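Me: I am new to this structure and would like to go through it with you. Could we take it one topic at a time?

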Amino acid sequence: MSRENLRVVGRGIAKVDGPELVTGQAKFTGDLKFPGMLYGVARRAGIPAGRIRSIDDSEALGLPGVRAVLSAEDIPGPNIIGILPPFDQPVLASEEVRYEGESLALVVAESREAAKRAAAAVRVDIDPWEPILDIDAALKPDSRKIHPGGNITFSKKLIKGDVEKGFAEAEVVVENTYQTSFQEHAYLEPETVAAVPGGDGRITVYASCQSPFHIRGHIAANLNLPASRVKVVQAYTGGSFGGKDDVATEIGCLAAVAAVKLQKPVMIAHERGESIIGSNLRHAARIHYRTGSLKDGTILAREARIFLDGGAYASESPFVTMKALIHAAGPYNIPNVLVECTAVYTNKTYCGAFRGFGVPQVTFASESQLDELAAELNMDPLELRRNNGLQAGQATATGQVLEKSVGLLQTIDRIAERRGQASRAAPDEERWLYGRGCACLLQGISNGAEGIDVVGASVQVSQDGSVLVGVGLTDMGQGSRTVFAQIAAEVLGVTVDRITVPHVDTDSVHDSGPTVASRSTTVGGMAVYKAAGAVKASLVKMAVLMLNCGEEQVRLEENFAVRTDNPEARISLQEVATAAYWTGFPLMHLTFSRAPDAQFDHETHQGNIYIAYNFGTHLMDVRIDRLTGRVEVLRHLAAHDIGQAVNPLGVEGQVEGAALIGFGMAHLERIEHEGGCIQNANFADYAVPSIKDRLPTETIIVEDPNPTGPFGAKGIGEPPVAGTAAAFANAVAAATGVRFTRLPIRREDILAALEEQ
Amino acid sequence: MLLEFELNGKQTRVEVEPTLRALDLLREVLGLTGTKEGCGRGECGACTILVDGEPVNSCLLYAAKLQGRKITTIEGLTAEDGAKELHPLQEAFISEGAVQCGFCTPGMILSAKSLLDRNPEPDVQAIEEALSGNLCRCTGYGKIVKAVQKAAAGGGPGAGGSARSGGSG
């Protein structure tokens, strides 16, 4: 797969769906209208724990416009959802309340307002229990069990080498405990679904979602229908970042059950408060680290004990546990590593996937340790990282030897070249404290330890030479439709404007697993590459006959088949495709890309896990106002090895967007609980970064080609979250001389620490 | 009550409940779904429309308040005759990569239009001020600032004041 002579891949192009998005013509789920449509609103528990005694819908049913009130017994199937085992979340709870957002009943009415009023009128009698609210309370041996199996959701170890021996040989050891807080996705479009009964025994569910096949499976199961009777169509999706899996499944099932029961279209559209309380968050974490090195900075051993507060349901906790575990040692060549990671249940909003998936939490802690070690050693922090940085041919913490595409040192060197002198206070400038922080990271690409990773893509060329690409992975704004179009364009010699990549419709594309793990470009892109290649073979075969030459003399470019030895001799792809059709050459292929399976020991997590890693280095310069604690970010460099940029404009967008989410996590955002109930479920009290908080992020693209990705590409969606959060913490520590061990480090935290000094 | 107002350059008469939100009038009654609801509390800006050229959160506005006013929604930025020409801001948002999921985009573009109509050559601080009520979770905002600067520079003075929309031209 040559990277030379690329015509489309590697060029920054505008999103293929830009025009409909800037004109307001793109239809998000809430923009859809169906005749006779009804609206569903859930009655939620409102308290974090208790035994449900009764649910009384008599008053609600009598209110104007109300058509039905559904409870658990109205669900034909098992009334269970979840991302992976243990599937432990009821669609509607009937026995136990495990968090405040628990849905107990669904009111269906002629308008959203009527449904909302009636939901408030559903009387629920709950015998409250003392909620279990933190990790320690959950782990107490005599603690009430939130689920029958106890309060440990998942617990795993990673063991490489002999960590005790490593620490015994170490000359310098640093040790600390770090914490991170719950973070909300805060996509601008709240979760919305619309279920439309077909009258033919089928049901179609339009959804703002991330993984349509996952939703289809759960809807079919809870309706007791074959999956082939359920069609899920992803509408334009207003952001997801990991957040529209569980919740889209929950409301997708609810709307579908109501629609089938009433034989009417039913829409459920969350309000912002429900979106925050009733859908997953990023796990809060408590992480204890120990790092030991020689006096020259060679790291010999790392030990991490990680606890994740996963809230009421398992959701993605098992996989987040594994991802945190695998990434805890950082992008370094360390012979001895021991990591334990445990996710627990508590009576709070459940936690699951959120851009970064456990990596931002451990990277913040791990990179804080690196700076603490650098300080002990009196060494330049970037140099310490470079001296220990993973290189091709060395083994990760899982013992996986990466032979290629290990661009960490290149990202460090690019940062070192660009960093220049750190800003310092002028002699008369007493108000500002200046500091510089850096951080390195790695982030596994593909499902890896989470299971098989297969994407099916179809490529179809019409007689007019235009191309339809079908991939079972969703574009939630990140730009994967554009990337897939570019890859197909590159292979087929068709211009991007003649390529269409529709949203996922489960009737028309192959189940390609969840759209997660920064895998779309790498694994999905490879499937498109292969399918396009198969169709290209038909076009070339036809062109050979028409141009009367050998196969090697035909090139497809700019919607033409051209003879390489005589560029004058060319035929439009429309003519070639039409001729191919009438000759009977296949013009559509469904092809699969399968990432090499992860192979590892489940007790020690030693083995080959991810097909590639994204490596990155971030540098941040800040100044802090002594009087107010306000932090100004003066500089933010973000270098990532992404193998090959398919769309550099899109890459910058991913880096800048992820960076601000990392900055929010590190500085601004914290879900506040009191007695298990979220206190800031709105955008006035929960501080989503505004345009005034934006970062001066400069994206530095490093391309160390990845043999497992199309044209050498690797994913970039998640990694900058971790790098930004960790670099911010280190920059604030450098400026203030105070090591903050808890994220977010807010203005008031900084001010309090400075006053204490 | 009977409402009469100018909507995207066209006189509009519609009978509404006085307690209806302007957002619901536009989306549910008039079918202009380009205006989005992100929070329903005036905290995110996704529902921004222009009322006599000023950006307003339509989720906080009673429909009755539109009486006699000139209203511009995102649908009013492109030519009404079905031509494909985009407003310079729309072009710039696409070419600069200032759109990802696009849910905040209509409101963001309208706030930017109001700014450029008042101040054709805004500095960065003016852009920040004008867009500080519009949240975006995807882009990190850098490319949005660039897009507004590009639209301002590209069209020269008055670039944002496309008379086509009739909203505030």
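This is a predicted model: local features need pLDDT of at least 70, side-chain atom pairs count only at pLDDT 80 or more; totals for chains, interfaces and linings use all residues.

Me: Which hand does the crossing of α3(B) and α4(B) have?
Reply: The crossing of α3(B) and α4(B) is right-handed. Helix α3 covers residues 105-118 of chain B and helix α4 covers residues 124-131 of chain B; their axes come within 9 Å and cross at roughly 130 degrees.

Me: Why are they called oblique?
Reply: Angles over 145 degrees count as roughly antiparallel and those from 65 to 115 as roughly perpendicular, so an angle between these ranges is oblique. α3(B) and α4(B) are therefore oblique to each other.

Me: Which residues meet there?
Reply: From α3(B) come B:Met108, B:Ser111, B:Ala112 and B:Leu115, and they meet B:Ala126, B:Ile127, B:Ala130 and B:Leu131 of α4(B). By class, seven residues of this contact are nonpolar, one is polar and none is charged.

Me: Now chain A. At what angle do α6 and α7 of chain A pack?
Reply: Helix α6 (residues 212-223) of chain A packs against helix α7 (residues 246-262) of chain A at about 40 degrees, with the axes 9 Å apart. That angle makes α6(A) oblique to α7(A). The crossing of α6(A) and α7(A) is right-handed.

Me: Changing topic: how many residues does each chain give to the contact between chains?
Reply: Chain A gives 52 residues and chain B gives 45 residues. Between them the two chains bury about 3800 Å², of which 59% is on carbon and sulfur atoms.

Me: Which three residues of chain A supply more of its buried area than any other three?
Reply: They are A:Val22, A:Leu188 and A:Ile691, which supply 20% of the area that chain A buries against chain B.

Me: And how many salt bridges are there between the chains?
Reply: There are nine salt bridges between chain A and chain B. B:Glu128 forms a salt bridge with A:Arg694, in which the closest N and O atoms are 2.6 Å apart. Over all chains, the structure holds 56 salt bridges.

Me: Which residue does A:Arg44 pair with?
Reply: A:Arg44 forms a salt bridge with A:Glu274, the closest N and O atoms being 3.3 Å apart. A:Arg44 is in strand β1 (residues 38-44) of chain A and A:Glu274 is in helix α8 (residues 272-277) of chain A, so this pair ties together parts that are 230 residues apart in sequence.

Me: Where does A:Phe357 lie?
Reply: A:Phe357 lies in the loop between β15 (336-344) and α10 (359-377) of chain A. Its phi is positive, near 60 degrees.

Terms used
Residues are numbered from 1 along each chain as its sequence is written. Chains are lettered from A and ligands numbered from 1 in the order in which they are written. Side-chain values use heavy atoms; hydrogens and water are left out. Axes are lines fitted to C-alpha atoms, for helices over the stretch in contact, and angles run from 0 to 180 degrees between N-to-C directions. Helices (H or I, at least four residues) and strands (E, at least two) are DSSP runs, numbered from the N terminus. Angles under 35 degrees count as roughly parallel, over 145 as roughly antiparallel, 65 to 115 as roughly perpendicular and the rest as oblique. A crossing is left-handed if the near helix is turned anticlockwise from the far one by less than a right angle, and right-handed if clockwise. Contact means heavy atoms within 4.5 Å. Ala, Val, Leu, Ile, Met, Phe, Trp, Tyr, Cys and Pro count as nonpolar, Asp, Glu, Lys and Arg as charged, and the others, Gly among them, as polar. Buried area is the accessible area (1.4 Å probe) that two parts lose on being put together, summed over both. A salt bridge is a side-chain nitrogen of Lys or Arg within 4 Å of a carboxyl oxygen of Asp or Glu.
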